[in-house]
Amino acid sequence: MVKVKGWSLPKPRSTGPPFQTKSSVVAVLEQVGVLLELDGANPFRVRAYQNGSRALASMEEDLLTVVQEGRLVNVKGIGKGISGLVNEAVLEGTWGDLADLYAKIPPGLLEIVGIPGLGPKRARVMYEELGVDSVEALKAACEMGHIAPLSGFGEKSQQKYLEGIELLRRYQGRSRMDVGLIFGRALEARVAAIPGVTRAQLAGSARRRRETIGDLDIVAAAEPEDHDSVIEAILSFPGIAEVKGSGESKVSLILEQDMLAGAQDIGSMDAQLAEAMMERSGDATIDAQVRIVSPATFPFTLAYFTGSKEHNIRMRQLAIDRGLRLNEFGLFSEAAAGDAIGMEAAKHTLECANEAAIYSHLGLTWVPPEMREDTGEIEAAQSSSLPRLIEPADLRGALHNHTVASDGVNTLEEMAQAAIDLGWQYLGIADHSEILNIGGRQIGVSADGIPAQAEMIRALNEGWADNNQDFRIFHGSECDILVDGALDYPDETRQSLSHIVGSVHALGSWRNRDEIANTEALIKAVENPTFTILGHPTGRILQGREGFPVDMHAVLRRMGELNAEGELKAVEINASPYRLDLDWRLCRYAKQQGVPVCINPDAHGTEGLSDVWYGVQIARKGWLEAGDVLNTQSGAQMEEILGL
Ligand code: DGT
Ligand code: CA
Ligand code: ZN
C-alpha cells in the first residue's frame with residue numbers, strides 16, 4: 001500500500017517580505033477550501049476560500065505591492081477574512097490558526113477527493129458513516145457493496161467510484177501530444193477507410209492540441225444500416241490491445257504499436273514527423289473511443305466531443321438563450337422536441353452541414369478547435385474578432401538549434417541542408433555555452449572555440465551569398481543563465497554573436513529556491529544587453545518534472561518594457577513535444593506585453609527541426625498570429641532585426 005502524504009503549510013522565506021509567495025498563497029487557499037469542506041464547514045466559508053484562491057491566481061499585479069498598498073480587499077472575489085489571512089502570510093509568513101485544520105483531516109481523505117467525480121462532501125459522508133479514510137478503504141467498501149446503501153449514494157455512485165479509482169490509477173498515464181496525435185491520426189485514417197464511413201475525425205483534447213492527451217475521441221459518420229459492419233471492421237484493426245466495450249454506436253479500445261504500422265503513408269501526415277513520432281512513442285498504449293453516428297448528426301457529435309467541456313457549457317447556454325437545445329445529437333427548439341430525448345429528439349434538429357453552421361445559428365463565427373477552452377473565444381466569436389492564427393507554413397526559420405559542437409548529432413552543413421530542405425531562409429545555431437557539463441563531461445562550446453565556429457559559419461554564408469541563395473546561418477549561443485542571473489561566457493564572446501538564447505539548466509538550484517529569487521534572477525538575465533531569447537522558460541519536462549517556480553508574468557512584463565525601449569527580448573516556445581514551454585496559457589500575456597514569441601525546435605539533429613510543428617500548435621492554442629511570432633520574419637528582415 002502506498003503511504004499517503006498529507007498537506008502541510010509552506011514555511012516562510014527567510015528574507016522578506018513577502019514571506020510567502022503568491023503561488024504558495026494560492027495553493028493554501030485552494031487546499032483550505034477542500035479541507036473545510038471535508039470538515040463539514042459552512043458552504044459560504046468554503047466558497048470564500050475557493051473564490052479567493054481563483055481571484056488571486058488570476059491577479060496579474062505583484063502581490064506584495066497590492067498588500068502593502070492595502071488594496072487586497074478591493075480585489076473582486078477576495079473578502080475581508082481572506083485578505084487578513086493573506087496579509088499575514090505575505091507580511092509575517094504565518095498562517096493564522098490554519099495549522100489546526102491541516103492537522104485535523106486524515107491524509108487519506110485528500111487522496112479520495114482526487115478521484116474523478118468524487119468531491120469533499122461525499123468523502124466526508126463516507127468517512128463519518130463508514131470510516132472510509134483512504135482510497136484502499138473506499139475500494140474495499142465499494143466492492144463489498146457498503147457504499148450503495150448510504151443515503152443519496154446508490155449503486156450508480158458505487159460503480160462510478162470504482163471506475164474513478166481505476167481512472168486515478170491511470171491518471172499518470174496521459175500521453176504527450178506527439179504520441180496522442182500519431183495514434184489518433186492512425187486510427188482516424190483507418191476508420192475513414194472503412195467502407196460505408198463517409199467521414200471520420202479526431203475530436204477531444206487531441207483536436208484541441210492540449211499538451212497532453214488523456215484518451216482519443218474519434219467521431220465517424222455512416223448510414224445507420226452500416227453501423228454494425230463498421231463496428232465489426234474497427235474491432236478487426238491491428239494494434240488493439242483490448243476492447244473495453246462495444247455497443248451499437250460506440251467502441252472503447254486500448255491501442256498499441258501495431259496500430260501505427262504504415263501510419264507514415266496515411267493521409268495528410270507529414271512523413272518525417274510521423275517517423276519521428278513513431279520512434280519516440282516506444283511501447284506506448286492509449287485509450288480510444290470511436291463513436292459512429294448518422295451523417296446528418298456528425299457535425300453535432302464532432303463539436304460536442306471536441307469540447308472542451310467548459311466551451312460546450314457556454315455553447316449550450318447560448319442555445320438556451322435562443323430557446324434551443326444543443327447536445328451531441330443536434331440543435332433543436334425546445335418547443336419542437338418536446339419530451340423527446342436522444343436520437344428521437346434529433347429528428348427535430350436544425351440542419352447543420354458542418355460545425356460552422358452550428359456556430360452561426362448561435363450568432364458566432366466558427367471557432368478553431370485549439371481555442372475552445374472558454375478563455376474568451378466565445379466573446380471574440382460573437383464580435384467576429386477571433387485572431388487569424390499562425391500556420392506552420394508561416395515560419396521562415398528558427399533560432400535555437402544544436403550541432404556536434406555541443407550535444408547535437410549533426411554538423412553545421414547537415415543542419416543547414418535540412419533547414420534548406422524545409423524551405424527555410426535561415427537557421428540559428430545556438431550550441432550550449434562553456435559551463436554546461438553532464439556528469440562532469442563538458443558539453444558546451446568553450447569561449448576559445450567560438451571563433452572557429454564563427455569562421456566555419458562565415459564561409460558557409462559566403463557560399464550561399466555567392467550563389468544568390470536566400471539562406472544564411474545565424475551564429476548564436478544557448479547561453480546558460482547562472483544561478484545569480486548572470487550569463488555564461490565573457491561579455492566579448494557574447495557580443496560577438498548574432499543572438500543569445502538564455503536558458504536555465506542547473507535546474508536543481510532553481511527548484512530549491514523560491515519564486516521571488518528565481519524571478520529576480522531571470523529578470524537580471526533578460527536585462528543583460530546581449531540577451532535575445534528566453535529559452536525553455538521554466539525548464540519543465542511534460543510528465544517528467546515540474547519547472548522551477550517563477551512569476552512568469554513579472555518576467556514577461558519586464559521584457560515588454562525592454563521591447564518598448566527598442567531592445568529585442570523574445571520568449572521561446574520550445575517546440576519539443578517534451579517541453580512545449582512557454583506554456584500556451586501565457587502566450588496571450590506575452591503578446592499583450594509586446595514580447596515577441598520565437599518558436600524553436602531546440603533540434604539536436606536534422607529530424608528535430610520539424611518539431612516546430614508542435615510549437616505552432618501551441619502558439620495557435622495561445623491565440624497567436626503570424627505577426628506575433630519572431631521567426632515568421634524573412635531572412636533579410638531577421639538580419640536587420642538582429643542588427644547584422
Ligand atoms: P482528455 O481526454 O482528458 O485529454 O480531455 P478531453 O477534452 O478529450 O475530454 P474527454 O475525453 O473526457 O471528453 C471529450 C469531450 O466530450 C470533452 O472535451 C467535452 C465533451 N464532454 C465530456 N463530458 C462532458 C460533460 O459532462 N459535459 C459536457 N458539456 N461535455 C462533455
Ligand atoms: Ca479525450
Ligand atoms: Zn536548453
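I counted a salt bridge wherever a side-chain nitrogen of Lys or Arg lies within 4 Å of a carboxyl oxygen of Asp or Glu, and by this rule the count comes to 32.

**Basis.** I am working on a predicted model, in which local features need pLDDT of at least 70 and side-chain atom pairs count only at pLDDT 80 or more, while totals for chains, interfaces and linings use all residues. Residues are numbered from 1 along each chain as its sequence is written, and side-chain values use heavy atoms, with hydrogens and water left out.

**Sheet.** I took helices (H or I, at least four residues) and strands (E, at least two) as DSSP runs, numbered from the N terminus, and I called two strands paired if DSSP finds at least two bridges between them. On that basis I found an open sheet of seven strands with parallel pairing, in the order β10-β11-β14-β15-β16-β17-β18. The edges are held by β10 (397-398) and β18 (597-600), and because each has a single partner strand, one side of each is left without a neighbour in the sheet.

**Individual salt bridges.** For exposure I used relative accessible area, with buried under 20%, exposed over 50% and partly exposed in between (1.4 Å probe, protein chains only). R71 is bridged to E69, with the closest N and O atoms 2.8 Å apart, and R71 is partly exposed at 26% relative accessibility.

I next asked which residue of helix α22 (residues 491-495) lies about one helical turn from D491. It is R494, three residues away in that helix, and the side chains of D491 and R494 meet in a salt bridge at 3.1 Å, N to O. D491 is partly exposed at 41%, whereas R494 is buried at 4%.

**Network.** I then noted that salt bridges with shared partners join R208, R210, E211, E373, R540, D583, R585 and K621 into one network. Inside it, R210 and E211 meet at 3.9 Å, N to O; R210 is partly exposed at 21%, and E211 is buried at 8%.

Notes:
Chains lettered and ligands numbered in written order.
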